[in-house]
Amino acid sequence: MSIPVRSLPARVSPERLVLAAFVCLLVVAAGLRFYDLPGHSVWYDEAVAANNSSGTLSEVIPNTRHRNSSPILYPLALWAVQKVDVSAFSIRILPATASVLTVAALLFLLPRAGVNRWAAFLAALLATLSVAAIEHAQDAREYSIDALLAALMIAGLLGYLRDGRKSLLCVSLFLAPLLQYGLVLFGVAVIGTAVVLPPPTLGASEENSYLSRIPHWLRQRIALVWPAGCFLAGCAISYAVTLRYQWQEGGFASKSYLQKNYYQGKFEAHSIFEFSIDGTWGLLTYHLPWVVATAALVAFALLLVAAFLGKFQGEFPGGAIAVLFTLCIAVSVGAALLGIYPLGGIRQVIYLGPVVFLVAGVAIHWIADSLAAPTHRVWLRRHWSSRSLAPQP
């Protein structure tokens, strides 16, 4: 009599394991953001935002112009939500959903744009556990939606730099000034990165003379006409509809609760440097625990040193992310120095969360990978040496 043999289960593929890890992290992110979403009472800023968007559609624009400091896109979305239901849950559902989608974009969208999937996973993990991201996911204001659009802008930029695709980049750049004014600064950094690093699909100049390279350099940047045009169109609409009614000399709330987040001193090198360092460190530690922020800064500094010494080849998209992060910091510091937009550990910089998480993930992953490679080679060398010295049967 034959005995049936139970077949062994097939090995789970690495791709399925990665997908399972991504889905589990996304579930955790959703749980942290939607847990007891309507539990705490609506606070003052939430009530003001909801009331500004609670009347007729014709009332939303003047309410936003004269009683708010944001562009028009989110008040219109909040108006549409309140036509369905008015409750603590309904006015918070858009930010909570957007915060979960930000984690999803880091997990699933950025690897498709060339980011190493484990670096993307680390960035998404930092976003999932970020206290600031969780707090503002349960806030009826627009800040979590800003972070989602910033993540889409990063994906659009990397897609453009990889193979010249412009659709996502154009759409996100157009919407950015209509959603939040800080995203205008982010849009400047995105376009600046695209200017510095044109797509390889546009080719390289084969001419050796300096004068012949100038027209080629210009031809490479002509492809940015559409993205830049979309961005300028969004800026023009936002200025015409809201900003010209809201702008305050010296920056929003520069005379009140945000005063320390603008540079108030004389233009002296020491004071400017001290303000820039304090503001940047406040920005980083607002999004990350100080231990992680320190590790990420050290890893990023080592990556830049390796790039300068030629040890880091700048493979895509590590170099692009490094340039984007550097430009974001430079533009943010410059805006705070000029009294245009605040800088520091404040909710107005939530839009920079995705690039902070991403550069931390990429830099830390690069360090871990660099340390693991020599260790792995040493282990292989010892393993095969021991086998070669073992007595043969």
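The model is predicted, so local features need pLDDT of at least 70 and side-chain atom pairs count only at pLDDT 80 or more, while totals for chains, interfaces and linings use all residues. Residues are numbered from 1 along each chain as its sequence is written, and side-chain values use heavy atoms, with hydrogens and water left out.

I begin with the cysteines. The structure holds zero disulfides, a disulfide being a pair of cysteine sulfur atoms within 2.5 Å. For C170, the closest cysteine sulfur belongs to C230 and lies 4.2 Å away, too far for a bond. C170 is buried at 12% relative accessibility, whereas C235 is partly exposed at 22%; buried means under 20% relative accessible area, exposed over 50%, and partly exposed in between, with a 1.4 Å probe and protein chains only.

I turn now to the rings. There are eleven aromatic pairs. Rings of Phe, Tyr and Trp (its six-membered ring) pair if their centres lie within 6.5 Å; planes under 30 degrees apart count as stacked, over 60 as edge-to-face and the rest as tilted. Y181 and F252 are stacked, at 5.7 Å centre to centre and 10° between the planes. Y181 sits in the loop between α9 (167-179) and α10 (182-196), and F252 in the loop between α12 (225-246) and α13 (269-287), so this pair ties together parts 71 residues apart in sequence. Helices here are DSSP runs (H or I, at least four residues), numbered from the N terminus. Y181 is buried at 10% relative accessibility, and F252 is buried with a relative accessible area of 10%.

Finally, ring pairs join F22, F108, W118 and F121 into a cluster.

Conventions. Helices (H or I, at least four residues) and strands (E, at least two) are DSSP runs, numbered from the N terminus.
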